[in-house]
Amino acid sequence: MEESEYESVLCVKPEVHVYRIPPRATNRGYRASEWQLDQPSWSGRLRITAKGKVAYIKLEDRTSGELFAQAPVDQFPGTAVESVTDSSRYFVIRIEDGNGRRAFIGIGFGDRGDAFDFNVALQDHFKWVKQQCEFAKQAQNPDEGPKLDLGFKEGQTIKINIALASWPLRENASPIQWTGGTVILSLAWKKLTFTERQLWART
């Protein structure tokens, strides 16, 4: 099944209240104290789901599960979901009916923990979206990452001590030396020379 067809559930809260909000006359933030909080226009269940990169805030009937309203969220924070300036339990969301019509409504939770979970569910989803975009970019451009140079520089020398009981090494035999990309192995009865490419092939 393709990712775009799979819908996952990010968060479920059994009670949320919906409020009609006055139009915002200035650029200042929304204030829940202006909403007549003791008279919500609707109450029900809230679910946050995700399909691909888009999250959906769904307001549903507690008993039947019938959809009351839905707010697609393609960026968070953003215009689709805004916190109010005077409380951590209330938000303004932009609902859509699927025919191009949009409206802003207020939602609120009776418990601060529910509001916190609502916020974190959206944050975590869009962190995941950001990670997926970064992984996709890296997969398309694998050569853009830092490269590790394991080659030896001209004139660089290393010494390797090898204990081989079955080989007749001279007591004063010099250890292996790597100079200018070539290893010279001096034994009592034979001198072996490896290039850098040949040595790597044997490791």
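Arg94 lies in strand S6, where strands (E, at least two residues) and helices (H or I, at least four) are DSSP runs numbered from the N terminus. The model is a predicted one, in which local features need pLDDT of at least 70 and side-chain atom pairs count only at pLDDT 80 or more, whereas totals for chains, interfaces and linings use all residues. Residues are numbered from 1 along each chain as its sequence is written, and side-chain values use heavy atoms, with hydrogens and water left out. The points below move from the chain as a whole to the sheet, and then to individual residues.

**The chain as a whole**

- The protein chain contains two helices and 11 strands, and from the N terminus these elements follow one another as β-β-β-β-β-β-β-α-β-β-β-β-α.
- Of the 203 residues in the protein chain, 28% are buried, a class that takes in relative accessible areas under 20%, with exposed meaning over 50% and partly exposed lying in between (1.4 Å probe, protein chains only).

- An open sheet is built from seven strands, arranged in the order S4-S3-S2-S1-S7-S6-S5 with antiparallel pairing, where a pair requires at least two DSSP bridges between the strands.
- Its edges are formed by strand S4 (67-73) and strand S5 (81-83), each of which pairs on one side only, and the twist from one strand to the next averages 30 degrees.
- Helix H1, which spans residues 112-140, lies across S1, S2, strand S3 (54-60), S4, S5, strand S6 (90-96) and strand S7 (102-108), and runs at about 145 degrees to S1; such angles, from 0 to 180 degrees, are taken between the N-to-C directions of axes fitted to C-alpha atoms, for helices over the stretch in contact.

**Pairing of S2 with its two neighbours**

- On one side, strand S2 (residues 42-51) is joined to strand S1 (residues 7-19) by nine bridges in the antiparallel sense; within this pair, Glu7 has Lys51 of S2 as its bridge partner, while Val18 is partnered by Trp42 of S2.
- S2 is also joined to S3 by seven bridges, again with the two strands running antiparallel, and one of the residue pairings here sets Ala50 against Ala55 in S3.
- A hairpin is formed by S2 and S3 with two residues between them, and in its turn Gly52 adopts a positive phi of about 70 degrees.

- Lys58 sits in strand S3 and counts as buried because its relative accessible area is 11%.
- The side chain of Lys58 makes a polar contact of 2.9 Å with that of Glu7, a polar contact being an N or O pair within 3.5 Å that, within protein, has one atom able to donate a hydrogen and the other to accept it, with residues adjacent in sequence counted only if both atoms are side-chain atoms.
- Once residues up to four places away in sequence are set aside, Lys58 touches Glu7, Arg45, Leu46, Arg47, Thr49, Leu67, Ala69 and Gln70.
- Arg94 is likewise classed as buried, because its relative accessibility is 13%, and its side chain is joined to the side chain of Thr79 by a polar contact of 3.2 Å.

**Backbone features in the loops**

- In the loop between S4 and S5 lies Pro77, which is joined to Phe76 by a cis peptide bond with an omega of about -5 degrees.
- Gln36 belongs to the loop between S1 and S2, and it has a positive phi of about 55 degrees although it is not a glycine.
- The side of the accessibility scale on which Gln36 falls is the exposed one, because its relative accessibility is 52%.

How values were computed
Contact = heavy atoms within 4.5 Å.
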